[in-house]
Amino acid sequence: MATLRELKGRIGSVASTGKVTTSMKMISSAKMHKSEQALKRLVPFRSQIQTVMGHLLAADGEYNSPLIEIRDVKRLSIIVFGSDDGLCGAYNINIFKELLKLISDSRNRYGAGVEITVYPVGKKMARAAKKLEGDKLTVVAAEINTRSNAADISNFTENMKNVFLQKLADKVMVLYMHYKTPSRQVMQIDQLLPVSQEAIAAASGNAGEGKRGNDNAPCIFEPDANAIFNAVLPLYINSVMQEVCTENNASEAAARVMAMQTASDNAQKLLEELQLEYNKLRQQSITTELLDILGGQVER
């Protein structure tokens, strides 16, 4: 049975842990709100690009670009986003499980001979993905992390476009956690390259919601629609990657907020239990001392 001194020490330790988790929750909450603001700042740029793409598709022209070329998939690249730091619950575990499922589904779909290259973003994901290296599967360190700025992300996106254009990959997929609300993040798998017309149409359709008044406005394309399409398409790909990185940061921070809230609640519950046990033991000690005093008086 624990002594009063031991219980007092444990109470102090648990109380300190509760303060630490509360502080970490506040820090993660601030990072999450910062990422939310960054997502809002991306909306005007992305919406403008999607509006231009929508006008181009509405023109019913023929567009040619190596970035929309569909090839038989013999080489597949997967960019998977995780975290650089821990203490975010099952965030990285869930993403890694989805990565395993995506690899298995890809081999079933494209054949066991498909060559898969994984680009993990984040130290935790890189450490886990390294264990997957083997026959027909290669892990390449990504050139970005969860703290990379817009220029670094643009450079990485440009390198991935070159990988696709040089036919080192026939398809590039992105696996990440889509941020919806602070309490809800959804696993998302997107096809980055080749850019599908369905994705462009869906994106331009979402961008056009609430702007139906301008749908019939005449558009003049200079020099021509195909040239504009080839100029805007790389910007569209870059905006997608910028948004994915920002959503991953927001989701990671949200997961850490929830994990720290759970840890703080558990610490508070344990503190109450220890405090109750301490009070009982202290009351028992006082009662024993009183009985000893009374016993001594009776003996006299």
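Which residue stands opposite L137 in β3? The residue is I116. This is a predicted model, in which local features need pLDDT of at least 70 and side-chain atom pairs count only at pLDDT 80 or more, while totals for chains, interfaces and linings use all residues. Residues are numbered from 1 along each chain as its sequence is written, and side-chain values use heavy atoms, with hydrogens and water left out.

**Sheet**
- Five strands form an open sheet with mixed pairing, in the order β3-β2-β1-β4-β5.
- At the edges are β3 (137-139) and β5, each of which pairs on one side only.
- From one strand to the next the twist averages 20°, with axes being lines fitted to C-alpha atoms and angles running from 0 to 180 degrees between N-to-C directions.
- Strands are DSSP runs (E, at least two residues) numbered from the N terminus, and two of them pair if DSSP finds at least two bridges between them.

**Parallel pairs**
- Strand β2 (residues 115-121) runs parallel to β3, and three bridges join them.
- Strand β1 (residues 75-81) runs parallel to β4, joined by five bridges.
- I78 has M173 in β4 as its bridge partner.

**β4 and β5**
- Nine bridges pair β4 (residues 171-181) with β5 (residues 184-193) in the antiparallel sense.
- The hairpin between β4 and β5 passes through two residues.
- In β5, V186 is the bridge partner of H178, and L193 is that of V172.
- β4 is mostly covered, with nine of its 11 residues buried (under 20% relative accessible area, 1.4 Å probe, protein chains only).

Notes
Helices (H or I, at least four residues) and strands (E, at least two) are DSSP runs, numbered from the N terminus. Buried means under 20% relative accessible area, exposed over 50%, partly exposed in between (1.4 Å probe, protein chains only).
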